[in-house]
Amino acid sequence: MVTRIWEGRTKIEHSETYTKIIRERDIPDYKKTKGFTGLKFLNRSDDQYTYFKLLTFWEDFDAIVNFTGPNMERPKHYDSDKSYLLDFPGKVSHYTVFAQ
């Protein structure tokens with residue numbers, strides 16, 4: 001199993017809207033990908049921003065490529081993300097799960 005970790009942040013006033021988008025658009029997109037096994041979507045807020053961290057779980061690296069295309073190191077962004085996300089990190093992290 002492989003864990004893929006993505007991070008992003010929004011202005012606090014966009015937090016509720018972006019959370020709704022994640023639930024309605026992103027999560028169903030992950031779930032329909034062959035080799036996807038689960039996720040944990042986390043957030044926390046301070047006075048200005050909401051920080052998101054997404055951990056997705058995949059059967060193997062090939063399964064991630066099913067979702068991302070050939071460059072699995074790049075985050076998958078959607079067009080409307082530009083309206084909410086303040087940062088567009090150039091890479092995501094991948095970890096092999098060796099114990100649960």
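Me: Helices (H or I, at least four residues) and strands (E, at least two) are DSSP runs, numbered from the N terminus. In which strand is the place of T3?

Reply: T3 belongs to strand β1, which covers residues 2-11. The model is predicted, so local features need pLDDT of at least 70 and side-chain atom pairs count only at pLDDT 80 or more, while totals for chains, interfaces and linings use all residues. Residues are numbered from 1 along each chain as its sequence is written, and side-chain values use heavy atoms, with hydrogens and water left out.

Me: Why is T3 called buried?

Reply: Buried means under 20% relative accessible area, exposed over 50%, and partly exposed in between (1.4 Å probe, protein chains only). The relative accessible area of T3 is 8%, so T3 is buried.

Me: Which residues is T3 in contact with, leaving aside neighbours within four places in sequence?

Reply: Contact means heavy atoms within 4.5 Å. On that basis T3 is in contact with L55, T56, F57, S93, H94, Y95 and V97.

Me: What makes F36 and W58 an aromatic pair, and is the pair stacked or edge-to-face?

Reply: Rings of Phe, Tyr and Trp (its six-membered ring) pair if their centres lie within 6.5 Å; planes under 30 degrees apart count as stacked, over 60 as edge-to-face and the rest as tilted. The structure holds nine such aromatic pairs. For F36 and W58 the centres are 5.2 Å apart and the planes make 70°, so the pair is edge-to-face. F36 is in strand β2 (residues 36-45) and W58 in strand β3 (residues 49-58), so the pair links distant parts of the chain, 22 residues apart. Both F36 and W58 are buried, and together with Y30 and F67 they form one aromatic cluster.

Me: How do you know that β2 and β3 pair?

Reply: Two strands pair if DSSP finds at least two bridges between them. Nine bridges join β2 to β3, so the two strands pair, and they run antiparallel. W58 in β3 is the bridge partner of F36. The hairpin from β2 to β3 goes through three residues.

Me: Why do D87 and R9 form a salt bridge?

Reply: A salt bridge is a side-chain nitrogen of Lys or Arg within 4 Å of a carboxyl oxygen of Asp or Glu. The closest N and O atoms of D87 and R9 are 2.5 Å apart, so the pair qualifies. D87 is in the loop between α2 (61-68) and β4 (93-96) and R9 is in strand β1; the pair links distant parts of the chain, 78 residues apart. With 28% relative accessibility, D87 counts as partly exposed. R9, at 21%, also counts as partly exposed. The structure holds seven salt bridges.

Me: What is the distance between the closest N and O atoms in the salt bridge of R25 with D81?

Reply: The distance in that salt bridge is 2.8 Å. The pair spans 56 residues, from R25 in helix α1 to D81 in the loop between α2 and β4. R25 has 21% relative accessibility, so R25 counts as partly exposed, whereas D81 is buried at 2%.

Me: Why does D29 count as buried, and which residues does D29 touch, not counting those up to four places away in sequence?

Reply: D29 counts as buried because its relative accessibility is 12%. D29 lies in helix α1 (residues 15-31) and touches F67, K76 and Y78. The side chains of D29 and Y78 are joined by a polar contact of 2.5 Å; the term means a pair of N or O atoms within 3.5 Å, where within protein one must be able to donate a hydrogen and the other to accept it, and residues adjacent in sequence count only if both atoms are side-chain atoms.

Me: What does the salt bridge of D29 with K76 tie together?

Reply: The closest N and O atoms of D29 and K76 are 3.0 Å apart. K76 has a relative accessible area of 30%, so K76 is partly exposed. Elsewhere, salt bridges that share partners join R25, D26 and D81 into one network.
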